[in-house]
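This briefing covers domain layout, selected residues, salt bridges and a surface patch. Please read it alongside the sequence and the model.

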Amino acid sequence: MDVVNRYITINNHVNGAPQDSDFELKASPLALSLDPASNVVIVKNLYVSIDPYQLNRMKSFSASQKTSDFAVAIVPGEAIDTYGVGKVVASTNPEFDKGDIVVGLLNWGEFTVIKAGGMLNKLNTMGFPLSYHVGILGFSGLTAYAGLFEICKPKKGEKVFVSAALGSVGNLVGQFAKLSGCYVVGCAGSKEKVALLKEKLGFDDAFNYREETDLNSTLKSYFPNGIDIYFDNVGGEMQEVAVSNMNINGRIAVCGVISEYLDSEKRAAPSMIEVIYKRIKIQGFLAGDYLNIFGDFLSTTCDHLRTGKIQPLEDISDGVESIPSAFISLYRGQNIGKKIVKIAEE
């Protein structure tokens, strides 16, 4: 039996802001009858993740492409892999049966063919929606948890600043920090987002960075006694002014630098004198570095979800054809929380 697999590719390397014309919806036949010796799994994709870092993979060159297996360059015309949840529709791999719900590296498409050794695991939903396992219970959640607790190690009463605070990672960092007894301020790009941070997610305060003409003065007003922890999702000027407002022995987890993804001239240039004399720790990291704590993260986060102490924040589009616009929306500040595309019903 054959099916038609529709999937998204890039037409060319994307070295600036992504546009609709950079993407193409392709279709090709896919045989569901497998050679018994092939050791292959075919997955019907149900939910796929949309993440800003993919833009660095689409560029003709990015330093990130040589540093991680998850960040290798995307070849124009070929399928694009991503984290997602799906259902096995055919398998000659003894570890998977038809009908299994699985999580792992799938494609921006309707089906994914996964060879032996591919990143794929059976999924225990634990009673949560499948989409949660792409975001809050997936790599976005692990990124927030590891960056805050393993790198920044918050203490009760400390002052925490989160940039891009309504993004897939930032919103969870703020919620985890509040549960740790910290004072938390976030920044976002609209009045509506600021309201959500304070009214729905429980941030102590928040501001719209687009309305601020002097970010250094802004941070001084929100943190008159300085910042202990900065969770950096944007890089650029925001990182510079955060360093200027850090306390002695402050910690900065550098999760993303989205301001640099579109403009390499916006590289952060924090005062190294401040870093030295304040003994500030600045550490970049990847979620994959912390797979050893995934069990602890999952247990803790599931407990918080069940008790209502953490609110999931998802922004879900429908259909494989919506993937390009969903991705582009990340760079226009249009997403609220974790951006996901629902490909099909279970």
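The domain assignment divides the protein into domain 1, made of residues 2–135 + 313–342, and domain 2, residues 139–288. The contact between them draws on 23 residues from domain 1 and 16 residues from domain 2. The model is predicted.

**Domain interface**

- Taken over C-alpha atoms, the centres of domain 1 and domain 2 are 29 Å apart.
- About 1500 Å² is buried between domain 1 and domain 2, and carbon and sulfur atoms contribute 65% of that area.
- On the domain 1 side, the residues that lose the most area to domain 2 are Leu313, Tyr331 and Ile336, which together account for 30% of what that side buries.
- Between domain 1 and domain 2 there are zero salt bridges.

**Ser140**

- Ser140 belongs to helix H2, which covers residues 139–152.
- With a relative accessible area of 5%, Ser140 is buried, because the cut-off for buried is under 20%.
- Setting aside neighbours within four places in sequence, Ser140 has contacts with Asp51, Gly135, Ser168, Val169, Leu172 and Lys338.

**Helix H3 and Lys178**

- Helix H3 spans residues 170–179 and includes Lys178.
- Eight of the 10 residues of H3 are buried, so the helix is largely enclosed by the rest of the structure.
- The buried residues of H3 are Gly170, Asn171, Leu172, Val173, Gly174, Gln175, Phe176 and Ala177.
- These buried residues pack against H2, strand E8 (159–162), strand E9 (183–188), strand E11 (227–232) and helix H9 (294–307).
- Lys178, by contrast, is partly exposed, at 28% relative accessibility.
- Beyond its neighbours within four places in sequence, Lys178 is in contact with Val184, Gly202 and Asp204.
- Lys178 and Glu314 are 136 residues apart along the chain, and 20 Å separate their C-alpha atoms.
- After H3 comes Gly181, which has a positive phi, near 85 degrees.

**Salt bridges**

- Side chains of opposite charge can pair when their charged atoms come close.
- The structure contains 12 salt bridges.
- One of them joins the side chains of Arg6 and Glu321, at 3.3 Å from N to O.
- The Arg6–Glu321 pair links distant parts of the chain, 315 residues apart: Arg6 sits in strand E1 (residues 2–10), and Glu321 in the loop between strand E14 (314–318) and helix H10 (323–330).
- Arg6 is partly exposed, with a relative accessible area of 29%, and Glu321 is also partly exposed, at 45%.
- Another salt bridge brings together the side chains of Asp100 and Lys122, at 3.8 Å from N to O.
- Asp100 is in the loop between strand E4 (81–91) and strand E5 (101–107), while Lys122 is in strand E7 (residues 120–122), so their pairing ties together parts 22 residues apart in sequence.
- Asp100 is buried, with a relative accessible area of 16%, whereas Lys122 is partly exposed at 47%.
- Lys278 and Glu274 form a further salt bridge, with their closest N and O atoms 2.6 Å apart.
- Lys278 is buried, with a relative accessible area of 16%, and Glu274 is partly exposed at 23%.
- Through salt bridges that share partners, Arg6, Glu110 and Glu321 are joined into one network.

**Nonpolar surface patch**

- Met272, Ile273, Ile276 and Tyr277 make up a nonpolar patch on the surface, and their accessible area together is about 480 Å².
- Tyr277, a member of this patch, lies in helix H8, residues 272–277.
- Tyr277 counts as exposed because its relative accessibility is 60%, and the cut-off for exposed is over 50%.

Methods
Residues numbered from 1 in each chain as written. Predicted model: local features only at pLDDT ≥ 70, side-chain atom pairs only at ≥ 80, totals over all residues. Heavy atoms only, no water. Patch = residues over 30% accessible without salt bridge, like charges linked within 9 Å, V, L, I, M, F, W, Y side chains within 5 Å. Areas by Shrake-Rupley, 256 points an atom, 1.4 Å probe, with all protein chains shown as cover. Salt bridge = Lys/Arg side-chain N within 4 Å of Asp/Glu carboxyl O. Helix = DSSP H or I, 4+ residues; strand = E, 2+ residues; numbered from the N terminus. Buried < 20%, exposed > 50% of the residue type's maximum accessible area, 1.4 Å probe, protein only. Domains from an automatic or database assignment. Contact = heavy atoms within 4.5 Å. Buried area = accessible area lost by both parts, 1.4 Å probe.
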